[in-house]
Amino acid sequence: MFQNDKDAFLSYLENQLGYSSHTILNYDNDLKAFLSFLQREEIHSYQEIDYKIIRNYLNFLDEKKFSKTTIARHISSLRSFYKYLLKEEIVCKNPTVFISNPKPDKKLPKFLYEREVEKVLAMPKLDNPKGIREALLLEFLYSTGVRVSELCSIKMKDISFSQKCVKILGKGNKERYVYFGRQLDEILKKYLKEARPYFEKAKNDYLFLNDSGNQLHDRRVRTIIDDLLKRSCADFHISPHTLRHSFATHMLNNGADLKTVQELLGHADLSTTQIYTHVSNERLRSVYLKSHPRAYKK
């Protein structure tokens with residue numbers, strides 16, 4: 001019973017709400033963990049699941065040393081699942097309604113300074129198709145601030161060279177436009193002329209192709225970046241999201257207003273974007289403490 005409802009819920013997220021495969025995988029993993037807990041507790045019906053059972057499950061996750069952020073995600077997954085169950089009239093009550101999220105530890109997003117970004121963007125070798133693809137991936141992530149899942153979904157028809165913009169299909173199938181400058185324009189044209197034909201085995205609408213000529217997926221993008229860093233003997237680790245964080249931080253540091261950055265990032269809520277103002281403020285504080293003769297120094 002539980003398993004069938006979980007599968008129907010995931011199908012609903014994909015087909016009705018247009019969630020990405022990465023997001024659906026997270027929901028799947030979270031609900032698998034919950035169903036495993038129910039099996040361990042010998043709970044076989046929704047009538048047996050109440051507020052106390054949900055609290056016991058969250059305590060179980062805490063004992064397993066799950067982070068507060070991960071536990072909050074599990075709660076969110078359960079809330080969404082129960083909203084679906086109520087909508088489908090599979091249950092008549094929602095035991096998650098009185099569950100509150102754990103207060104998260106304050107953690108600023110990791111970003112690179114501009115000189116560090118320049119170093120990363122210079123790593124790929126532009127004398128071969130794979131190197132050109134690496135260069136375009138990095139430049140695209142930093143120049144536009146798109147999520148890696150959005151990057152992989154870009155199609156050729158989404159790009160306007162005359163307007164220097166790209167149509168992005170974001171979370172919940174919401175469309176927005178991001179813009180690019182000279183550097184991305186140059187490497188994009190080089191990729192389309194010298195690299196993409198090398199990867200394309202048959203007609204394909206997606207901009208980024210894997211070695212087999214199919215759509216490049218987000219997990220492969222992470223692998224490509226990791227391999228590039230290893231080859232370049234980089235002394236730090238970055239992810240596609242690090243470049244997204246860097247994009248937002250640098251935009252604000254150079255005078256962009258918060259609302260504009262929100263639109264470019266595709267954030268539904270302005271409060272999500274406001275974390276980058278804390279990053280900028282922390283940078284200002286750090287520079288002041290290091291530079292001003294009257295600042296406190298140990």
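1. A residue counts as buried under 20% relative accessible area, as exposed over 50%, and as partly exposed in between (1.4 Å probe, protein chains only). With that in hand, E194 is partly exposed, at a relative accessible area of 39%. K190 is also partly exposed, at 24%. These two side chains form a salt bridge, with their closest N and O atoms 3.2 Å apart; the term asks for a side-chain nitrogen of Lys or Arg within 4 Å of a carboxyl oxygen of Asp or Glu. Both residues sit in helix α8, 4 residues apart, or about one turn of the helix.

2. A word on the model before going further. It is predicted, so local features need pLDDT of at least 70 and side-chain atom pairs count only at pLDDT 80 or more, while totals for chains, interfaces and linings use all residues. Numbering starts from 1 along each chain as its sequence is written, and side-chain values use heavy atoms, leaving out hydrogens and water.

3. The whole structure holds 19 salt bridges. In one of them, K130 pairs with D211, and the closest N and O atoms are 3.3 Å apart. This pair links distant parts of the chain, 81 residues apart: K130 belongs to helix α6, and D211 to the loop between α8 (182–199) and α9. Helices here are DSSP runs (H or I, at least four residues), as are strands (E, at least two), numbered from the N terminus. K130 is partly exposed at 37% relative accessibility, and D211 is partly exposed at 34%.

4. Have a look at R176 and E150 too, whose side chains meet in a salt bridge of 2.8 Å, N to O. R176 is in strand β3 (residues 175–179) and E150 in helix α7 (residues 148–152), so this pair, 26 residues apart, links distant parts of the chain. Are the two partners buried or exposed? R176 is buried, with a relative accessible area of 10%, and E150 is buried at 3%. Elsewhere, K6, D7, D28 and K32 are joined in a network of salt bridges.

5. Helices α6 (residues 129–144) and α9 (residues 218–231) have axes that come within 11 Å and cross at roughly 110°. Those axes are lines fitted to C-alpha atoms over the stretch in contact, with angles from 0 to 180 degrees between N-to-C directions. The two helices are therefore roughly perpendicular, a label for angles of 65 to 115 degrees. From α6, R133, E134, L137, L138 and L141 meet V221, I224, I225, L228 and R231 of α9, contact being heavy atoms within 4.5 Å. The residues of this contact divide into 7 nonpolar, no polar and 3 charged.

6. The largest nonpolar core has 40 residues, of which L136, F140, L151, I154, V166, L207 and F208 touch the most other members. Such a core is a set of buried Ala, Val, Leu, Ile, Met, Phe, Trp, Tyr and Cys residues joined through side-chain atoms within 4.5 Å. Helix α6 gives the largest share, 8 residues. Leaving aside residues up to four places away in sequence, I154 touches F140, I159, V166, I168, Y206 and L207. A second, separate core of 29 residues includes Y27, F37, I54 and F60.

7. Finally, S149 is found in helix α7 and is partly exposed, at 27%. S149 and D235 lie 86 residues apart in sequence and 26 Å apart in space, C-alpha to C-alpha.

Notes
Parallel < 35°, antiparallel > 145°, perpendicular 65-115°, else oblique. Nonpolar A, V, L, I, M, F, W, Y, C, P; charged D, E, K, R; others polar.
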